[in-house]
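I opened my notebook to record what I could look up in this structure, going from the whole chain down to single side chains.

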Amino acid sequence: HNAKAPNLKQAFHRMAQMEPNLDHDVSWLLLPSYWAKMVVALISFLCFANSYDGDFVFDDSEAIINNKDLRAETPLGDLWYHDFWGSKLSSNTSHKSYRPLTVLTFRINYLFAGGFYPVGFHVINIILHCTISVLMVDVFSILLGGLQFSSKGRRLNLAPKSSLLAALLFAVHPVHTECVAGIVGRADLLCALFFLLSFLGYCKAFRENKEGHTFSVFWVLVSVVLGAIAMLCKEQGITILGLNAVFDALVINKINLLELIRKLLYKDKALENAGLLRKGLLFRITLLMCGGASILYIRWRIMGTGPPAFTEVDNPASFADSLFVRAINYNYYYSLNAWLLLCPWWLCFDWSMGCIPLIKSVSDWRIIALAALWFCLIGLICQALCSEDSHKRRILTLGLGFLIIPFLPASNLFFRVGFVVAERVIYLPSIGYCILFTYGFSLLSKQAKKKKILAAAVLGILLINVMRCALRSSQWRSEEQLFRSALSVCPLNAKVHYNVGKNLADKGNQSAAIKYYREAVRLNPKYVHAMNNLGNILKERNELHEAEELLSLAVQIQPDFAAAWMNLGIVQNSLRRFEEAEQSYWTAIKHRKKYPDCYYNLGRLYADLNRHIDALNAWRNATVLKPEHSLAWNNMIILLDNTGNLAQAEAVGREALELIPNDHSLMFSLANVLGKSQKYKESEALFLKAIKANPNAASYHGNLAVLYHRWGNLDLAKKHYEVSLKLDPMAPGTKENYNLLRRKLEQLQKKGG
């Protein structure tokens, strides 16, 4: 299945002589290919090395820690039917982000590390970025210097200086920090790796083989397969097939797009000589199109339902009623992405929720950014189409192609996306930026009299970017640093304030957390998650009425918000409005069928109302849904113990300890039951085991002392009473029991005396 095209063979051998060498005017370091790749690898490693021991941050929690697809008990086959976050693709709540190969690498990380240890995850990300940066040397040598092979079939690097500069620009670009230092960025890294391998594989298709065939169908098909693998890592990967077609037309067939458009418009009979109908090109493009269509069809079949449902806060422009407002804001978002490539100084983990206010009229000064973007793009497109210099046309078209085509899935043009601006989605488009930057540098070098000053300026940009990468990587090491770094970049972003508040609350600083949660709600009065978390803290501080107001508002805004319904029930229970609390709990369970914590709280409500059977049933439901729910098990044991059902309490306690053998609170509860059943030896063993696990629990020592007291082992009873009182001098009942024991010991001493 190899096609012969002698005219292409001659074109390859003439390429170097026909086109000017980009390196001729570039004042830059010339290194052998091996050393160039070593330098790129080393510098890309230095940029992000300090992120290797960072924590799991931001989206890592949902994609990794809470993702059941990483655990051994989840069948591997489930990965092909679940989204990136572990939800079923067929679910209406799924984000439809289908990246099974990325999740598979997370699973391998988890299995090799033996748990959720972030170092291994971070190291793989750093290695991937270094590998991609090294591959960029080869990719840029083709994009900037053209494709030519030696007589022995080895590909020649016709632009070693330019390709090294472009690869260094890519390796040290600060906008890549999110992909490298954030573990969920693995999707972009794996996608980029197979994206580049697909491109290099496509280029390999044009190496002449022993039979004299000038292109190989095998390598074209390999390129399609690698493109499919790239898409299984992240959706952008499919765009490589379009770029391969553009490369084929411009570099292999040297088609002049403007000339082709003219001939198509005027129905020129010489169209077959324009290159489009040359032998092989249409066949290869047909293969790429069929491959792409097949991949997309399979992806659509697996997805099962329509596009994901995003909310207005995720992407406010896409919900605007006016087409004009949508178009203006989409273009403004494009200009912001372009600015992040040009000047990656203001970086933020999240650009949603008011970070970028909507442009609603042409009087908004930000319209200037749109005008500047399109002025530059139109200028570049005109040069790419109309320039008489074929070398310039090729490089500019490829640069624009690599800048724009990989960005199309994130552009809102074909479907709504769940973000406003996301630094991770410009990992691949930055290839086009590096091509355009390097070509611009070569043009300036050609005109400049003092080329060394220009080279020093570019070196300065590289050094600044290296330092910016190192600084930004350090911010991604922990959630506290990451979230706080965003306050100065996006002070209007409610999610930034929410995340800072959540981080403070997790550390126990409730007063500071309240401040940030209140600001999040002020910035976005419909931010139900901020209301829920703020309501929780106020509930714990016994500010029940304000907590109830916030939680009631949250469920009014989002009626299916199960967590807010449950928390509202807890508040209503505390306010002794039991009927309302019960209704809130059942509403929560209605919206989230498998909700063990809600069943646990419902059980507590029934226990307060002395509805013991209902309480036991609710707690049993909690343990069925979550077998390791220690609190539900404990409450069952205690309730059965308190109501005199010792045999049943013992059975439940033993069942619980089989499931959670190292839970000291369960040991303690079962030991109490066994002590009352006069199974002193077994009770003692459990008390001692619980104390070994938690030696500073006064109640453990106090109840063991009571056991010894009943058992008649008075010296040990005295010892543990004293330890209990030392740990908690105000322990209820312990002091009275200790005094009783002392009086008994004194009486025994008198009798003995």
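**Ground rules.** I am working with a predicted model, in which local features need pLDDT of at least 70 and side-chain atom pairs count only at pLDDT 80 or more, while totals for chains, interfaces and linings use all residues. I number residues from 1 along each chain as its sequence is written, and side-chain values use heavy atoms, with hydrogens and water left out.

**Domains.** I found domain 1 at 186-305, domain 2 at 322-473 and domain 3 at 696-752, with bounds that come from an automatic or database domain assignment. Taken over C-alpha atoms, the centres of domain 2 and domain 3 are 76 Å apart.

**Repeats.** The unreviewed UniProt entry carries the annotation "repeat: TPR" for residues 494-527, 528-561, 596-629 and 698-731; such annotations may be inferred rather than shown by experiment. I looked at residues 528-561, which are 79% helix and 0% strand with end C-alpha atoms 8 Å apart, and at residues 698-731, which are 82% helix and 0% strand with end C-alpha atoms 7 Å apart. Helices (H or I, at least four residues) and strands (E, at least two) are DSSP runs, numbered from the N terminus.

**Cores.** A nonpolar core is a set of buried Ala, Val, Leu, Ile, Met, Phe, Trp, Tyr and Cys residues joined through side-chain atoms within 4.5 Å, and buried means under 20% relative accessible area, with a 1.4 Å probe and protein chains only. The largest one has 219 residues, and those with the most contacts inside it are Phe140, Leu143, Phe199, Phe247 and Ile431. Helix 5 (residues 118-145) gives the largest share of this core, 12 residues.

**Helix 12.** This helix (residues 281-303) has 23 residues and reaches 33 Å from its first C-alpha to its last, close to the 33 Å expected at 1.5 Å a residue, where the expected span is 1.5 Å times one less than the number of residues. Its buried residues include Leu281, Ile285, Gly292 and Met303.

**Two side chains.** Is Ser163 buried or exposed? Ser163, in helix 6 (residues 160-171), is buried at a relative accessible area of 0%. A polar atom of its side chain lies 2.8 Å from the backbone oxygen of Ala159. Asn499, in helix 19 (residues 494-506), also counts as buried, at 8% relative accessibility. A polar atom of the Asn499 side chain lies 2.8 Å from the backbone oxygen of Lys495.

How values were computed. Buried < 20%, exposed > 50% of the residue type's maximum accessible area, 1.4 Å probe, protein only. Polar contact = N/O pair within 3.5 Å; in protein donor to acceptor, adjacent residues only side chain to side chain.
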